[in-house]
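Biologist: Please take a close look at the aromatic rings in this model. Which rings pair, and how are they placed?

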Amino acid sequence: MKKDRFQRLALIATIAGLISISFCMALIPRLLPTNAGQGDGLHVRVGVYENAPKVFTDENGDWVGFWPDIVEYMAGEEGWIIEYVEGNFTEGLNRVKNKTIDIMVDVAFAEERITQYNCCFNNVSVFTNWGVVYANDKVRIHDFGDLNNTKIAVWGDSIHTTGAYGIRNLTGYFGLNCTYLNASSYTQVLEMVGNKTADAGVVNRLFGLLNKDKYDVVETSVTFNPSELKFAFPNGSAVNDILIPRIDYHINALQADGDSIYYQSINRYFLSGVPVIEVIPDWLIALIITVTIVGIVSITMSIKLKRNVDQKNATIDERDQIEDRLRTVLGELSIAKEAAEESDRLKSAFLATMSHELRTPLNSIIGFTGILQQEMVGPLNDEQKKQLGMVRNSSSHLLNLINDVLDLSKIEAGQMKTVIETFDLCASIEKCVRTVQPQADKKGIATEVDIEPCVGPITSDQRRVEQIILNLLSNAVKFTEKGKVRIECLVDEASVSIRVIDTGIGIKKTDADKLFKPFRQIDTNITRKYEGTGLGLSICKKLIDMLGGNIWVESEFGKGSTFAFTLPVVKG
């Protein structure tokens with residue numbers, strides 16, 4: 001009996017011990033500080049703001065986009081509980097500063113932000129973005145110098161506006177006089193450029209790529225300030241030691257896996273809807289068919305003409321039959337010619353719509369090469385400077401070729417539109433001379449300008465008139481080894497006349513008829529050393545025809561040339 005009683009007491013003690021252990025195990029997490037351990041069940045407050053497609057609310061009011069996808073994935077892996085805290089971008093950074101949130105998404109890393117908002121960043125860059133200048137269709141901007149005396153729309157909270165390498169500091173560095181118009185968002189920046197309140201505007205590359213077509217703006221080659229996008233954290237936060245290492249771990253792992261949510265989200269939000277060029281466009285298929293028809297018709301005609309020769313002694317009736325057949329062949333050739341011209345028009349229309357896809361890669365190469373040459377990201381040795389100069393010169397040459405082909409295609413496709421307005425012709429001439437002056441100074445060529453005092457404002461397309469003058473001046477400087485280049489401007493009651501005179505290599509009379517035809521260059525041993533597309537003068541003639549004027553050349557081989565054109569004083 002005593003033994004049974006001891007067994008019962010032992011069993012009761014064992015059960016009591018197990019209950020005590022279970023109670024202690026349940027109580028321990030409650031006694032530990034908040035967010036202790038490895039983060040399982042950690043409550044994480046995440047700052048978000050509207051910046052589609054990176055982070056935004058959908059029709060149900062849920063936060064979606066690239067950043068929420070990454071955050072939700074990491075939370076699922078780590079067992080974190082996510083609370084989104086919404087506001088605008090500045091409010092989010094101030095919440096980081098005040099430690100009322102644990103993480104802020106989509107923040108460009110900058111040393112000044114660490115001090116201003118008392119924050120820190122994770123170590124691994126999520127991805128890189130950069131600033132791009134967009135312009136309206138009345139402004140031509142190719143480099144930073146073209147921003148002088150322009151109105152630029154900017155979002156004040158953007159790193160591309162106020163950062164160390166933001167647009168304000170860069171234009172100041174180059175000594176440019178710019179007027180800045182403040183916007184409340186990137187969307188408003190593009191709206192101001194599209195409605196011509198501003199000449200140009202600055203947004204990040206990703207936003208511009210996805211939204212430019214909505215606002216009728218043009219991407220320029222001015223790119224700057226590459227920035228790493230990361231997560232921002234309050235300095236000294238108790239959970240930083242948990243969050244930062246785990247976030248860096250997951251970003252590294254996601255970027256290393258091509259099938260991860262990182263790349264799935266990029267494809268879903270950044271790459272969907274991007275137009276893809278077909279391998280064989282419709283115009284090329286039509287052109288191949290047309291060439292085949294012309295070839296068949298040509299062979300048929302050759303066979304029939306050969307029969308005509310063989311039957312040269314035939315009767316008059318037989319000759320009449322041959323002539324009938326020949327007329328039929330010529331009719332077929334006429335039809336084939338019309339089909340070929342239609343195919344050419346389709347080709348021109350296709351090229352005219354491809355300007356962005358052809359220009360954008362070169363613009364980026366030129367822009368980033370310029371950043372490297374200015375040594376913004378570090379010093380260069382002499383060989384690096386030389387190689388970068390070669391890259392930029394080759395890229396600029398190829399961009400000029402593409403621009404010429406596209407301009408000619410737009411004209412031939414009937415897509416080149418003129419903007420008629422009254423402008424100061426004298427100022428336009430002087431602007432063009434200043435543009436070619438460095439090229440002339442490099443060759444030791446003098447430049448002269450002679451404008452009659454009575455020359456005043458004219459009504460025409462300012463952009464196209466300046467394009468014509470600049471092309472003629474550039475050609476004059478290019479083909480002149482010594483002496484001078486002179487531009488004269490005269491006016492009478494009906495028209496204004498502009499003459500570009502050089503002391504260059506001149507043109508033979510037998511070659512003069514080739515000058516204004518596309519893809520035609522004078523084939524001599526001298527001119528082979530000069531670069532060129534053979535399109536510049538052809539484009540000038542077509543533009544002058546559109547504006548109601550005339551162009552001609554006077555030249556003496558070996559002594560120089562004079563290119564002259566007239567425009568009506570008032571273009572109706």
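Modeller: The structure holds 13 aromatic pairs. Rings of Phe, Tyr and Trp (its six-membered ring) count as a pair if their centres lie within 6.5 Å; planes under 30 degrees apart are stacked, over 60 edge-to-face, and the rest tilted. Phe66 and Trp67 are an edge-to-face pair, because their ring centres are 5.8 Å apart and their planes stand at 85°. This is a predicted model, in which local features need pLDDT of at least 70 and side-chain atom pairs count only at pLDDT 80 or more, while totals for chains, interfaces and linings use all residues. Residues are numbered from 1 along each chain as its sequence is written, and side-chain values use heavy atoms, with hydrogens and water left out.

Phe66 is buried, at a relative accessible area of 0%, and Trp67 is buried, also at 0%. Buried means under 20% relative accessible area, exposed over 50%, and partly exposed in between (1.4 Å probe, protein chains only). Tyr186 and Phe207 form a tilted pair, 5.5 Å centre to centre with 40° between the planes. Tyr186 lies in helix H7 (residues 186–194) and Phe207 in helix H8 (residues 205–215), so this pair ties together parts 21 residues apart in sequence. Helices (H or I, at least four residues) and strands (E, at least two) are DSSP runs, numbered from the N terminus. Both Tyr186 and Phe207 are buried.

Ring pairs also link Phe66, Trp67, Phe127, Phe231, Tyr262 and Tyr263 into a cluster.
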